[in-house]
Amino acid sequence: MSDKLLTKAELQLMQLLWDKGEAFVNDLLDALPEPKLAYSTVSTIIRILVAKGFVSYHSFGKSYRYYPLITREEYTSHFMMNVRDVFFGGSGLSMMSFFAKRQQLSENEKKELIEMLEDM
């Protein structure tokens, strides 16, 4: 996987590819919410994703059907490890503590978290 992070626009298109499995630019364009991006913008972003190593394609003459090279879970893990390293000095404990304190976990959620940690 590429060690790069996705921009907001790239992530939006990756979400669609993860949901669809594979798609032509027109399929992605149709699935985007209003206001729609221009065809050329979507095409450019997809080419950037190919260059970054997140997406590949099958060629059908002059048309290309794109598909993700990494899973949503792989990217989420990569992204969260980057957050941990950048904002929490590489400490998973600091990161979990940060989120646990700010989420105002219910008693059941706290118990579930403790059980999950004990099972690890």
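1. K110 is partly exposed, with a relative accessible area of 37%. Here buried means under 20% relative accessible area, exposed means over 50%, and partly exposed lies in between (1.4 Å probe, protein chains only). K110 forms a salt bridge with E107, and the closest N and O atoms are 3.4 Å apart. A salt bridge is a side-chain nitrogen of Lys or Arg within 4 Å of a carboxyl oxygen of Asp or Glu. E107 is exposed at 52% relative accessibility.

2. A word on the source. This is a predicted model: local features need pLDDT of at least 70, side-chain atom pairs count only at pLDDT 80 or more, and totals for chains, interfaces and linings use all residues. Residues are numbered from 1 along each chain as its sequence is written, and side-chain values use heavy atoms, with hydrogens and water left out.

3. How many salt bridges does a search of the whole structure find? It finds five. One of them joins R72 and D19, with the closest N and O atoms 2.5 Å apart. R72 lies in helix α4 (residues 72–87) and D19 in helix α1 (residues 8–20), so the pair ties together parts that are 53 residues apart in sequence. Helices (H or I, at least four residues) and strands (E, at least two) are DSSP runs, numbered from the N terminus. R72 is partly exposed at 25%, while D19 is exposed at 57%.

4. R65 also forms a salt bridge, with E22; here the closest N and O atoms are 3.1 Å apart. This pair links distant parts of the chain: R65 is in strand β2 (residues 63–68), E22 is in the loop between α1 and α2, and they are 43 residues apart. R65 is partly exposed at 23%. E22 is partly exposed at 34%.

5. Now the aromatic rings. The structure holds 10 aromatic pairs. Rings of Phe, Tyr and Trp (its six-membered ring) pair if their centres lie within 6.5 Å; planes under 30 degrees apart count as stacked, over 60 as edge-to-face and the rest as tilted. The ring centres of W18 and Y75 are 6.2 Å apart and the planes meet at 35°, so this pair is tilted. W18 is in helix α1 and Y75 in helix α4, 57 residues apart. Both are buried.

6. What form does the pair of F24 and F60 take? It is tilted, with 6.0 Å centre to centre and 55° between the planes. F24 lies in the loop between α1 and α2 and F60 in strand β1 (residues 55–60), so the pair ties together parts 36 residues apart in sequence. F24 is partly exposed at 30%, and F60 is partly exposed at 40%.

7. Check the bond from E34 to P35. This peptide bond is cis, with omega near -5°. Most peptide bonds are trans. P35 is found in the loop between α2 (25–31) and α3 (39–52).
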